[in-house]
Amino acid sequence: MLAKRIIPCLDVKDGRVVKGKQFVQLRDAGDPVELAMFYNHEGADELVFLDISASNEGRNTMVEVVKQVAAKLNIPFTVGGGIRSLENIKTLLRAGADKVSLNSSAVANPELITEGANFFGNQCIVCAIDARLNSETGTYKVYTHGGQKETPLDAVVWAKKAVDLGAGEILLTSMDQDGEKNGFELNLTRKISEAVDVPVIASGGAGKASDFLDAFEEGKADAALAASIFHYKETSVASVKKFLKQKGVAIR
Amino acid sequence: MIGIVDYGMGNLYSLSQALKRLEQSYIISDDPGELDTTDGLILPGVGAFKDAMGLLKEKHLSDYLSRCAQTKPLLGICLGMQLLFDESEEGVLTKGLGLIPGRIFRFPGVTNEGVRYKVPHMGWNTLTFVNSQSALIQGLEPNYAYFVHSYYADLKNSNTLIAVADYYGHVPAIVGKGLVFGTQFHPEKSGVFGQALLKNYLRLVSQIDDSCSCGEEKC
């Protein structure tokens, strides 16, 4: 049976992981490779690296990080952040990333999804969507540039379009829930998961193990991503997976 | 020495690194002459069947692979596995290498009962061993493996099936005929299990003394 995936997300700035300071047992908690291997050992099904570097130097450093990670890690990983061109996509995939995630650049230039998918296959192209609820209309709007810019796009409509363009997976982050630790945005996750026929990763809001159960059962997500609760050791990948297994969820 | 067949499709870096972790020497090449100096081949691949066959033909690799399959071990991974079969309905009906009888079909995305399901089949799925005598899975316990694919193999002969996964029906996950093997999943991305399977393949390669030398009588 196909397992639900648990995906830790690592924010990388200028080649260093930010927020991993709680890992006292690691020699260097800022080292992306060491942290990746730690999560792999804990049973992570996949990893996402989000490059939050603001400079070109930082971006180039990320390519080196990807190479180092690919040399060690024997599970799949996705790289996102600042990918603007087919050339960027090629560089990262050739460096060993299994998938790239496109966010602002996909909204600005939807053809980039198609170009990437044509070149390496749909399965390599993840469309990352940051969405926020508009309480007046009851709809969810897409935001870009790290949540700074509102777009006129409806999240469900955009998700469907992205899949039509060639995206092989949707990484959906709820900006309302992100950082709140009150659980994932189940309503929107379910809407998108039912609207598209590619896997959907729920992101934003994980606070405890049962939130993951809700994301899979109510949200119909195929995978769930979290950052802080794993980094700050509020829970571990292993204990979340143990809980889900006890609840009868297919877990590796 | 392992030869990774590079015909211009897919990400060879992860696979080469997996071999490196197993301390296995390898070359990455699109030249039949160079590949012929190796003891065993790995045919990776991500992308479309038709494009892949086109490139294999263009580089004279399809003839080479067909010839050497009798004497030199070959492992196809993901699309590389699908290429081993007779033909694929991906895009237009395209002939494959014809090393294992069968045809490649797309997941319909809907069951006979009308239930929709997601395509690609992406993520970790459990394997069931069908032929536990196969050298490829010797000493291994069935485990999770990492799959990413939208097409599956429909085997003509059930005796070529080594392991299956279940995704709205039986999905051949490991196949083999003689020295030709294929995995629909990515062993290089399938954690400890995938690494152990690759190790089995490398052991099998090292046990085959007869290395193929094309141009000579036996090829």
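Helices (H or I, at least four residues) and strands (E, at least two) are DSSP runs, numbered from the N terminus. This is a predicted model, in which local features need pLDDT of at least 70 and side-chain atom pairs count only at pLDDT 80 or more, while totals for chains, interfaces and linings use all residues. Residues are numbered from 1 along each chain as its sequence is written, chains are lettered from A and ligands numbered from 1 in the order in which they are written, and side-chain values use heavy atoms, with hydrogens and water left out.

**Interface of chain A and chain B**

- Chain A contributes 38 residues to the contact and chain B contributes 28 residues, where contact means heavy atoms within 4.5 Å.
- About 2500 Å² is buried between chain A and chain B, 53% of it on carbon and sulfur atoms; buried area is the accessible area (1.4 Å probe) that two parts lose on being put together, summed over both.
- On the side of chain A, Leu2(A), Asn74(A) and Arg252(A) lose the most area to chain B, together 25% of what that side buries.
- The rule finds 17 residue pairs in polar contact across this interface, both residues at pLDDT 80 or more. A polar contact is a pair of N or O atoms within 3.5 Å; within protein, one must be able to donate a hydrogen and the other to accept it, and residues adjacent in sequence count only if both atoms are side-chain atoms.
- Elements giving two or more residues to the side of chain A that touches chain B are α2 (56-72), α3 (86-94) and α7 (186-195) of chain A.
- With four residues, α2(A) gives the most to that side.
- The residues on that side of chain A divide into 20 nonpolar, five polar and 13 charged. Ala, Val, Leu, Ile, Met, Phe, Trp, Tyr, Cys and Pro count as nonpolar, Asp, Glu, Lys and Arg as charged, and the others, Gly among them, as polar.

**Helix packing**

- The axes of α2(A) and helix α1 (residues 13-21) of chain B come within 7 Å and cross at roughly 50°. Axes are lines fitted to C-alpha atoms, for helices over the stretch in contact, and angles run from 0 to 180 degrees between N-to-C directions.

**Salt bridges**

- Over all chains the structure holds 15 salt bridges, each a side-chain nitrogen of Lys or Arg within 4 Å of a carboxyl oxygen of Asp or Glu.
- Arg5(A) forms a salt bridge with Glu169(A), with the closest N and O atoms 2.9 Å apart.
- Arg5(A) lies in strand β1 (residues 5-13) of chain A and Glu169(A) in strand β9 (residues 169-174) of chain A, so the pair ties together parts that are 164 residues apart in sequence.
- Two salt bridges are counted between chain A and chain B; Asp222(A) and Lys118(B) meet in a salt bridge through their side chains (3.1 Å, N to O).

**Backbone geometry**

- Val119(B) and Pro120(B) are joined by a cis peptide bond, with omega about 10°.
- Pro120(B) is in the loop between β7 (100-106) and β8 (121-126) of chain B.
- Lys181(A), in the loop between β9 and α7 of chain A, has a phi near 60°, a positive value in a residue other than glycine.
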